[in-house]
Amino acid sequence: IAQLANAPVLKSTRLPYLHYDYDRVFGACCENVIGYMPLPVGVAGPIIVDGKPYHIPMATTEGCLVASAMRGCKAINAGGGVVTVLTRDGMTRGPCVRFPYLKEAGEAKIWIDSDEGQEELKKQFNSTSRFARLQHVFTALAGTLLYIRFRTTTGDAMGMNMISKGTEHCLKYLSEYRFPQMEVIAVSGNFCTDKKSAAVNWINGRGKSVVAEAKIPADVVRKVLKSDVDALVELNISKNLIGSAMAGAIGGFNAHAANLVTAVFLATGQDPAQNVESSNCITLMHKDGDGDLRISVSMPSIEVGTIGGGTILDAQNSMLELLGVRGPHPTNPGENARQLAKIVASAVLAGELSLCSALAAGHLVQSH
């Protein structure tokens with residue numbers, strides 16, 4: 001490659017390649033491999049999440065990001081830690097199919113939407129996997145094009161491979177036994193929606209839907225965050241809510257959720273491109289009856305797994321072990337992945353709290 005690309009730098013040691021377990025990479029994670037890319041990994045925390053402390057690994061090259069998250073963790077712990085609720089768990093795949101005539105497309109939509117259709121597709125889908133379980137099928141019609149959004153649990157895997165397998169099986173069943181005029185355009189018709197900004201993920205969720213909340217005592221806001229409750233509430237409304245609305249944001253009602261999501265994703269072997277929808281977040285703040293700050297982040301589409309993909313690589317796997325969520329859960333499939341999503345949301349909560357405090361106090365540029 002150094003010769004073909006006329007890039008003698010590849011003959012140097014600046015891109016490391018030695019002492020790496022490539023057996024885990026080949027056929028799984030990367031092709032045309034010439035080395036590996038070292039990234040610094042910092043740790044923020046501990047942060048108390050549902051009564052348990054976690055040290056959160058963050059792979060990043062952005063200065064002050066880990067320090068800012070660390071400050072947020074300190075303030076959150078002073079108020080008792082984070083409380084999380086997981087409201088939904090379901091990865092999606094949205095194929096596109098076509099019919100010769102609108103009447104046929106409409107009949108297919110009506111049947112799939114019916115109780116009979118839902119139950120039959122669940123039976124077909126679930127036969128393809130031990131872990132994937134179809135929850136619901138949602139359809140949308142555009143002319144003679146029918147978009148079918150399959151939502152399913154996927155155990156502790158992020159799940160795109162297993163859900164694609166089940167979806168293909170269902171499409172084959174539909175074309176062979178129900179609607180012989182149906183033509184499959186693509187197993188992914190962008191109705192999923194994967195690695196792109198889309199209102200369907202913001203509204204209906206994708207992957208894990210998590211809400212995380214914390215109470216920050218007013219004196220902690222003053223001493224640790226160098227701000228005050230009223231200033232933070234006003235800034236959050238003006239910036240994260242109104243400012244984002246003025247910009248026409250979809251799921252971007254936050255200060256920098258993507259910063260924390262991406263850093264944790266890189267450290268734990270997640271698909272970094274899925275930070276697009278995983279960073280959907282609305283940050284809310286208000287002053288409670290005691291005069292303290294209540295802050296929450298609602299994140300409807302966190303896409304994570306603790307098996308498969310980059311989680312098989314040793315360094316990333318070790319960071320999952322640090323969090324206590326490595327591999328498949330031994331007794332409750334899916335529990336490790338759900339816990340990782342809660343940890344991601346808690347990290348975002350810490351980052352939102354600290355950055356908004358820096359902005360309210362005018363410290364952002366100074367900190368950098």
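Modeller: The account below begins with one threonine and then turns to the cores and the surface.

Thr154 lies in the loop that runs between strand E6 (145-153) and helix H4 (160-178). In this predicted model, Thr154 has a relative accessible area of 2%. Buried means under 20% relative accessible area, so Thr154 counts as buried. The side chain of Thr154 reaches the backbone oxygen of Ala157 at 2.9 Å. Setting aside residues up to four places away in sequence, Thr154 touches Met91, Phe131, Gly159 and Met162.

The largest nonpolar core has 54 residues, and Met58, Ile76, Ile216 and Leu293 have the most contacts inside it. Helix H11 (residues 335-361) supplies the largest share of this core, 11 residues. Apart from this core lies another, of 26 residues, and Met91 and Ala157 are among them, as are Ala108 and Ile148.

Leaving aside neighbours within four places in sequence, the residues in contact with Met58 include Pro40, Val41, Leu65, Leu260 and Ala267.

Val9, in the segment before strand E1 (41-49), is partly exposed, with a relative accessible area of 38%. Together with Ile1, Leu4, Leu10 and Ile34, Val9 forms a nonpolar patch on the surface, with about 490 Å² of accessible area in total.

Terms used: Residues are numbered from 1 along each chain as its sequence is written. This is a predicted model: local features need pLDDT of at least 70, side-chain atom pairs count only at pLDDT 80 or more; totals for chains, interfaces and linings use all residues. Side-chain values use heavy atoms; hydrogens and water are left out. Patches are made of residues with over 30% relative accessible area and no salt bridge: like charges are joined within 9 Å, nonpolar side chains (Val, Leu, Ile, Met, Phe, Trp, Tyr) within 5 Å. Accessible areas come from the Shrake-Rupley method with a 1.4 Å probe; for residues, only the protein chains shown count as cover. A salt bridge is a side-chain nitrogen of Lys or Arg within 4 Å of a carboxyl oxygen of Asp or Glu. Helices (H or I, at least four residues) and strands (E, at least two) are DSSP runs, numbered from the N terminus. Buried means under 20% relative accessible area, exposed over 50%, partly exposed in between (1.4 Å probe, protein chains only). A polar contact is a pair of N or O atoms within 3.5 Å; within protein, one must be able to donate a hydrogen and the other to accept it, and residues adjacent in sequence count only if both atoms are side-chain atoms. Contact means heavy atoms within 4.5 Å. A nonpolar core is a set of buried Ala, Val, Leu, Ile, Met, Phe, Trp, Tyr and Cys residues joined through side-chain atoms within 4.5 Å.
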